[in-house]
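Open the model in your viewer and have the selection panel ready. The stops below go from a whole chain to single residues.

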Amino acid sequence: MNTNKYKIATRIPLLLGILFLCLGRGMLHGAGTVTPTNAAYQPMEIRDHQVNVTLNNGFAQTEVIQEFFNPNPDTLEAIYTFPVPQHASLSEVTIWAGEKELQGEVLPRQEADRIYEEEVAQGNSAGKASRESYQRFEFQVYPVPAQSSVRMRVVYYQPLELDTGVGRYLYPLEEGNTDEAALSFWTQNQKVDGNFSIRVTLKSAWAIADIRTPGYAGAQSTDEHGNIVFEYQNQTGDLNQDFLLYYRLVDDLPGRVEVIPYRDASDKPGSFMMIVTPGIDLQPLSGGADYVFVLDVSGSMDGKLHTLVKGIEKALTQMQPQDRFRVVAFNNNAFHVIESWTPATSESVEHALGVLRQLQSNGGTNVYEGLQLGLKKLDDDRATSLILVTDGVTNQGIVDPARFRDLMQKQDIRVFGFLMGNSSNWPLMEVITEASGGFYKAVSNSDDIVGQIILAKNKVLYEALHDAQLEISGGDTFDLSQMRIGKIYRGQQLVFFGRYDQPGQARLTLKARLTGEDKVYQTVVDFPETDTANPEIERLWAMDRIEAIEHAERLGDIPAGESESVITSIAVEYQLVTDHTSMIVLDDETFQRHGIERRNRERVQRERQAQAQRQLAAPVNRRADTNQPMFKQKAPRPSFGGGGGAIDPFSALAALFMITLSVLGKKLGLSKKGD
Amino acid sequence: MFKHAPITWSLSLIAVGLHLVTMANPSLLTALELRTQGPQLWEGWRWLTGHFVHFNHSHFIWDLAVFLPLGCIVEKRTSQGFGRFIVSSALAITGAVILFLPDLGSYRGLSGLDSALFIALAIQELRNSKNRAQSISILWGIALVGFSMKILFEIMTGHAMFAGDLGPGVITVPLAHLVGAAVALAWFTQPRKAPIPLSPLSTKSFQGHARSTD
């Protein structure tokens with residue numbers, strides 16, 4: 001046994017190592033195995049990387065199966081990390097080492113750490129999965145014998161949201177560059193030496209108009225249940241480009257309420273996920289508006305700056321001449337790029353773009369000072385929006401989220417955030433945008449930046465509902481998501497979680513104000529006595545609850561000790577990896593030896609059984625307000641991004657064939673004699 | 001090549017030039033695309049330039065791949081009025097998009113003109129059927145019916161039959177194809193004082209070699 005333990009992380013988008021410049025894009029990192037810089041060992045090889053995704057109405061299940069090969073002469077410990085996908089609940093880890101199958105159970109973090117260290121010290125097979133804040137999941141596996149392979153399976157769930165009828169699923173592969181300590185320690189091998197495949201099954205009760213996977217040219221088909229299946233396969237690929245799948249629902253779908261419940265017995269509380277897609281006639285805003293762009297040009301934005309500039313360029317060129325703009329940038333300190341309010345004429349936009357293209361990324365990140373400078377010089381007579389573009393990694397100046405909330409609440413300004421790259425600080429962005437009644441969007445380098453700007457523009461340039469609040473009467477509901485929504489923008493979908501004790505009908509009421517007028521939208525939904533089709537809803541509800549507690553703790557509304565205790569209790573009950581809990585991965589015998597209750601095994605069995613049943617059936621329409629629609633209007637169309645006269649490849653080839661026939665007809669003897 | 005289809009080649013070169021320039025400087029795109037709302041709607045150059053700028057490389061390549069050969073062959077076979085036909089088609093498509101799709105925001109792309117050219121060629125081929133093997137005429141008939149069905153399907157369902165690649169939030173506009181086809185139909189089937197000069201094209205002439213008059 002090798003006592004010189006040596007850590008190898010894989011598929012992380014972490015880390016330093018090979019630096020390269022790519023058309024001025026700066027440093028890029030992909031996923032891959034990593035070894036400490038200057039280590040004597042060869043990095044682990046990735047022999048296989050399979051990703052299976054099921055998008056099932058309201059939520060996504062992502063399964064990653066990966067095989068590592070240790071090419072070294074010694075037994076090693078492997079570390080595998082990847083960025084935490086937003087709102088993801090890591091639920092399953094299975095490791096196959098030789099003939100052993102190890103499975104995971106969530107325990108309080110310290111207990112999991114202790115057991116793992118004990119088992120490793122005794123030379124036994126063990127694994128552990130833990131979460132490092134919003135940045136990454138980390139997996140440790142021991143032992144990986146010399147010249148041998150280990151396979152690992154990871155499953156996580158996350159809720160899905162549509163924006164103006166367009167869904168977006170991200171499988172993060174590109175490094176977010178947000179963890180400087182890791183960047184300086186690790187070097188990386190991002191190459192897959194075997195098979196790299198992605199398979200997405202898109203199950204939707206609503207018809208899909210299009211799907212799009214920028215940068216991944218795979219095959220699209222339809223299975224026997226009418227589900228869309230996308231498959232990508234490559235040999236010896238590099239894990240350095242995020243996989244993104246957009247799907248667009250057909251136009252003119254109704255405004256609607258969908259409820260996905262789970263209740264396995266009438267003596268237990270039920271859980272539910274509620275998706276509200278408003279069908280409300282929100283009109284375009286008239287008159288000019290002011291926009292202040294606050295841009296992060298710190299070192300961690302290296303590799304993302306080109307996307308930032310591209311996005312701002314698109315946003316500026318979409319503005320009307322009656323609009324005005326200013327530009328502020330920040331790294332260690334904030335500074336003006338365009339200091340005074342400038343009308344968005346062609347000349348001034350062109351000048352601004354010239355200045356923006358000169359920006360370089362370096363230094364620390366002082367988001368607070370950037371916002372402070374952005375909030376100066378506001379004109380009370382004009383509606384102002386602040387567009388913040390950052391990865392949110394605050395490491396200079398004020399970093400306390402509560403101070404950010406206080407700063408934003410001082411001004412009547414809407415903040416629209418673009419959160420760049422993986423491992424970005426979405427919890428802070430959530431605080432900032434929530435306090436200002438704005439919204440934020442996560443943006444990958446692989447995103448269609450034009451599309452993201454267009455979707456955001458739909459919100460910025462249209463009326464919004466104000467003081468929106470959702471109420472549920474009946475069902476004895478409890479432990480609900482935040483129901484005080486604040487503003488609802490055009491195309492925005494609302495996702496809520498909660499629990500209920502009383503099956504039967506419940507009245508759902510959405511109250512809001514639109515241009516000074518009170519608006520009330522109502523319907524009746526039904527909570528079933530039992531419904532066991534979607535057991536994953538329990539974990540998603542629990543993760544939503546945990547995030548709400550973390551949010552309150554960040555703002556100082558709950559003491560840290562109290563939140564840790566509550567989070568640990570929920571996470572262990574519902575088997576979720578959090579900052580305070582980890583998943584220990586052992587064989588059955590070792591679990592028994594440690595007296596660990598097999599809660600996750602039971603939960604996983606229920607989930608797999610339900611998934612197998614769902615696989616055999618067509619997607620179920622979970623619309624809950626069919627009999628009494630909550631909204632009279634249709635959901636907004638996703639078409640305001642423009643349109644094009646486009647010849648698709650199939651039609652183009654058909655036309656070219658006919659042209660060829662026409663031109664070569666004579667040569668081929670297809671003309672009549674004498675012609 | 002150029003001398004047999006000067007308009008098509010000139011327009012294609014303009015499209016290539018605009019694509020290269022706008023890729024390097026995307027802000028130009030918003031000055032050239034057709035706008036269906038606001039004061040930019042009345043900036044007259046957009047009514048024509050909108051057809052020659054594109055959303056991305058794929059959009060541009062497929063549109064031009066069809067426009068260039070179709071334009072060359074139709075222009076060569078049409079002794080006069082080809083320029084007027086192209087301008088009329090472009091303006092008709094522009095008018096229809098502004099009138100019927102004001103919410104679209106912006107429009108780009110050559111494919112409305114591609115449609116017009118395709119129908120023009122189909123009509124020429126069918127009119128010229130006496131010089132062609134029957135199988136060719138049947139194929140053109142099938143192509144014409146298939147094209148009409150495709151447009152009908154797209155108009156009725158509101159989305160493209162085959163997936164295009166314009167980016168999220170950007171839709172294909174079947175109306176442009178319909179209007180382009182309608183203009184070609186009207187242009188090439190109207191009664192004329194003199195017969196439409198149709199000349200079966202040899203491979204050599206299409207490749208730009210000198211040829212005698214037919």
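Predicted model: local features only at pLDDT ≥ 70, side-chain atom pairs only at ≥ 80, totals over all residues.

Colour chain B by secondary structure to see nine helices and three strands. Read from the N terminus, their order is α-α-β-α-α-α-β-α-α-β-α-α. Among the contacts in chain B with a separation of 6 or more, 74% join residues 24 or more positions apart.

Next, select residues 426-436 of chain A, which form helix 7. Is this helix enclosed or open? Helix 7 of chain A is largely enclosed by the rest of the structure, because eight of its 11 residues are buried. Show side chains for the buried ones: L428(A), M429(A), E430(A), V431(A), I432(A), T433(A), A435(A) and S436(A).

Step past the end of helix 7 to G437(A), which follows the helix and has a positive phi, near 70°.

Move on to an open sheet of four strands in chain A, ordered 29-27-31-32 with antiparallel pairing. From one strand to the next, the twist averages 25°.

Finally, zoom in on strand 27 (residues 465-473) of chain A, which pairs with strand 29 of chain A in the antiparallel sense over three bridges. Select A468(A) and look across to strand 29 of chain A: the residue opposite is G486(A).

How values were computed: Residues numbered from 1 in each chain as written. Chains lettered and ligands numbered in written order. Helix = DSSP H or I, 4+ residues; strand = E, 2+ residues; numbered from the N terminus. Contact = placed C-beta atoms within 7 Å. Buried ≥ 20, exposed ≤ 12 C-beta atoms within 10 Å, placed from the backbone. Pairing = 2+ DSSP bridges. Axes fitted to C-alpha atoms, helices over the stretch in contact; angles between N-to-C directions.
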